[in-house]
Amino acid sequence: MRLTGFYALALVAGLLPVLFPGNYFITVVGIAAGLNVILAVGLNLLIGYAGQISLGHAAFFGMGAYASAILTTRYAFPPLLALSAGLISAGLMAWGLARPILRLHGHYLAMATLGFGIIIHVIMVQATGWTGGPDGLTGIPLLVLFGWAVDSDQRWYFVIMATMLLAVWLALNLVDSRIGRALRAVRGSEFGARMMGIDTARAKTQVFVVSALFAAFAGSLFAHQQGFVSPDSFNLSISIDLVIMVVLGGMASTFGAAFGAIALTLLHEGLVVFEDYEMLIHGALLMAVMIFLPQGLFVGLSQGARRGWTLVCRRQ
Amino acid sequence: MPSDLLLEVVGLSSAYGPVQAIRQADLTVQVGELVAMVGGNGAGKTTLLHTLSGLHPASSGAIRFAGQDITHWQPHRIVAAGICQVPEGRQVFAPLSIADNLKLGAYCQRRDSDWVRQETEHVYALFPILAERRHQLAGSLSGGQQQMLAIGRALLGRPRLLLLDEPSMGLAPLLVEEIFRVIVELNSQGVAILLVEQNARAALAIAQRGYILETGRIIKTAPATDLLADDAVRRAYLGY
């Protein structure tokens, strides 16, 4: 029952390329959407469940990407080893940052994470010797999984979809665990959570590290998939996009976050035709969603559908 | 008998910035005892409980629990040691189910899942309404039911000392009676209880000993029956 949505997501991800074989849009947009789902589902653990904001999450995404890019191109690391190094460094960074930063609440936490995101972005731009500066790094080798080279959009689509499903499954299980309950308690009332004997500082640190790991993982895949990284993919507007995905889909719901990530990816793709007006329409749509569906698209629409269904049933 | 001493508070002071909320409080609770702490609004009752459970720092003095000095322990260690709190205003986790609230109460008891299962059944037996509605959200409960949930949740922390902060607040007289009946029952099962109340008459009626707290100072302590008969106490707290 709990996993119904998970199976539905797996079915859609698996069926799309079968229903539309060789469709460029499905695979390329699907890859972008899948990466965004991993990022949003991870960030939702922090924002939606634990109630802690992060406006610098693109930094962890970038750390994963740059770790893979730098280690594979400059030091000839095998991709999976570089990916692990990216996970470890992002995890350590999150862990070191969590204690001082997660003492803060509300606006102050937003400011601190914002600052962190900006610092990491500045490093990407300025540490030219390592990162290649504003031009970024090219020539990132193919991802090879146990002798199977991920060398086409179709293959990437399957790799990303598989990891996306893994991320969703992990998040669903985490939320339903002892730690997940502790996080929901922290969001409800940090004081109340401490009264239950929950070490709230530790719980918040753990979730911050987990969400950083999700982001770094997505970053590594992104670097290999693009074959190229530059600071533009990890700037403030990406961090904000990630928060929007979580809020748009509906906080404290893993499927909500996944839905928000897919919706925002499609929106970006769909609005490209409007060129100069893209941002304008984008902003207006977001405002409309927040005004009319304040619980987010996923929760709002599913409640609406349920209400519509009972109306239909009553009429018959 | 000193070996029966469960909680011993010596010269405890606690402050909010420059404002002294608790001044030089001395207090004991014996194993299995039911002690009432009565006092008016703003006397410092809640601050005292928060200081005992580590949620508010003590500025001086010492708190010893079961032979250990816990004065500067973090709240999660204090809960794990066996001091569990039923907070003022219930503070149940409204967006979580009743079952999840109870599981959160057992947060520090994960090593003994058999005990947690038994104790959960015990709580459901104590408050059948919680069993009936276990999958509903805690926010959907009435005030009295939330109080029952808050008590049940604290019981799942396996308390050796249960701190109750104004359990009668905002409840209809019939429910107050029900809650107090449960408090007596828990105490008779061996749980030591420190009951903080504005409803002095009800609290002293069930307690063995009482303390009177006034503007952060403990001004009187005596067996509960003596306090109920004391003229000054009657005038100030019992209203007759």
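**Helix H3(A) against H5(A)**

I looked up the handedness with which H3(A) passes H5(A), and the crossing is left-handed (the near helix is turned anticlockwise from the far one by less than a right angle; clockwise would be right-handed). The model is a predicted one, in which local features need pLDDT of at least 70, side-chain atom pairs count only at pLDDT 80 or more, and totals for chains, interfaces and linings use all residues. Residues are numbered from 1 along each chain as its sequence is written, while chains are lettered from A and ligands numbered from 1 in the order in which they are written.

I noted that H3 covers residues 58-75 of chain A and H5 residues 106-126 of chain A, and that their axes come within 8 Å and cross at roughly 30 degrees. The angle makes H3(A) roughly parallel to H5(A) (angles under 35 degrees count as roughly parallel, over 145 as roughly antiparallel, 65 to 115 as roughly perpendicular and the rest as oblique). Axes are lines fitted to C-alpha atoms, for helices over the stretch in contact, with angles running from 0 to 180 degrees between N-to-C directions. Helices (H or I, at least four residues) and strands (E, at least two) are DSSP runs, numbered from the N terminus.

I then listed the residues that make this contact: H3(A) gives Ala58(A), Ala59(A), Gly62(A), Met63(A) and Tyr66(A), and H5(A) gives Phe116(A), Gly117(A), Ile120(A) and Met124(A). Contact here requires C-beta atoms, placed from the backbone, within 7 Å.

**Helix H2(A) against H7(A)**

I found H2 (residues 24-49) and H7 (residues 153-175) of chain A packed at an angle of about 15 degrees, with axes 8 Å apart. H2(A) and H7(A) are therefore roughly parallel to each other, and H2(A) passes H7(A) in a left-handed crossing. The contact of H2(A) with H7(A) holds 18 nonpolar residues, six polar and one charged.

**Chain A overall**

I counted 14 helices and four strands in chain A. For 316 residues a compact globule would have a radius of gyration near 20 Å, and the 20 Å of chain A agrees (taken over C-alpha atoms; the globule rule is 2.2 Å times the number of residues to the power 0.38). Buried residues make up 48% of chain A (20 or more other C-beta atoms within 10 Å; 12 or fewer means exposed, in between partly exposed).

**Chain B and its side facing A**

I counted ten helices and ten strands in chain B. Its radius of gyration is 17 Å, close to the 18 Å of the globule rule for 240 residues, so chain B is as compact as a globular protein of that length.

I found 22 residues of chain B in contact with 15 residues of chain A. Helix H2 (75-81) and helix H3 (98-105) of chain B each supply at least two residues of that side of chain B. The side divides into twelve nonpolar, seven polar and three charged residues.

**Leu186(B)**

I located Leu186(B) in helix H7 (residues 173-188) of chain B. Leu186(B) is buried, with 20 other C-beta atoms within 10 Å. Not counting residues up to four places away in sequence, Leu186(B) touches Leu162(B), Val191(B) and Ile193(B).

How values were computed: Contact = placed C-beta atoms within 7 Å. Nonpolar A, V, L, I, M, F, W, Y, C, P; charged D, E, K, R; others polar.
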